[in-house]
Amino acid sequence: FTTGINDILIADFKVDIYPNPSTTGKVTLSIDANTSEKELQLQVTNILGQELAPSKTITLNGDAKEETINLPTTPGFYLITLIGETGTAVKKVEVK
């Protein structure tokens, strides 16, 4: 019986998020350059699936990319979803 949410990566790109957990709500996405993706759609939701900000397009152009995201400062878990042509990556972030 599992009750946790794990990171999901079904794509040809790698993404890391730091710091995780965050004490300020500010996190940085680090997207690997070794991908055929040209653009990714970024979505931020709470654990209930409610969208916290409009979707955003991240342009890669074959380069590694870092993107700063400001999450709510309310303690809890948030999901960062990146959607590309080759698949989707979902990362769980904790704000303390």
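This is a predicted model: local features need pLDDT of at least 70, side-chain atom pairs count only at pLDDT 80 or more; totals for chains, interfaces and linings use all residues.
## The chain as a whole

Let's start with the big picture. The chain has eight strands and zero helices.

The chain has 96 residues, and 34% of them count as buried. Its accessible surface comes to about 5,800 Å², with 50% of that belonging to carbon and sulfur atoms. Now look at which parts of the chain meet each other: among contacts with a separation of 6 or more, 58% are between residues 24 or more positions apart.

## A sheet of three strands

Next, find the open sheet built from three strands in the order E2-E3-E6, where the pairing is antiparallel. Strands E2 and E6 (65-70) stand at the edges of this sheet, each with a single partner strand, so one side of each has no neighbour in the sheet. From one strand to the next, the twist averages 20 degrees.

How many bridges join E2 to E3? There are four, and the two strands run antiparallel. To see a bridge for yourself, find Val15, whose bridge partner in E3 is Ile31.

## Two cis peptide bonds

Now follow the chain into the loop between strand E2 (15-18) and E3, where you will find Pro19. The peptide bond that joins Tyr18 and Pro19 is cis, with omega at about -15 degrees.

Pro21 also has its place in the loop between E2 and E3. The bond leading from Asn20 to Pro21 is cis as well, and its omega is near 15 degrees.

## A closer look at Ser30

Let's finish with one residue. Ser30 is found in strand E3, which covers residues 26-31. Is Ser30 buried, partly exposed or exposed? Its relative accessible area is 23%. Buried means under 20% and exposed means over 50%, so Ser30 counts as partly exposed.

Which residues does Ser30 touch, leaving aside those up to four places away in sequence? They are Lys14, Val15, Asp16, Tyr18, Lys65 and Glu66. Of these, Val15 is the residue with Ile31 as its bridge partner in E3, and Tyr18 is joined to Pro19 by a cis peptide bond.

Note on methods:
Residues are numbered from 1 along each chain as its sequence is written. Side-chain values use heavy atoms; hydrogens and water are left out. Buried means under 20% relative accessible area, exposed over 50%, partly exposed in between (1.4 Å probe, protein chains only). Contact means heavy atoms within 4.5 Å. Accessible areas come from the Shrake-Rupley method with a 1.4 Å probe; for residues, only the protein chains shown count as cover. Two strands pair if DSSP finds at least two bridges between them. Axes are lines fitted to C-alpha atoms, for helices over the stretch in contact, and angles run from 0 to 180 degrees between N-to-C directions.
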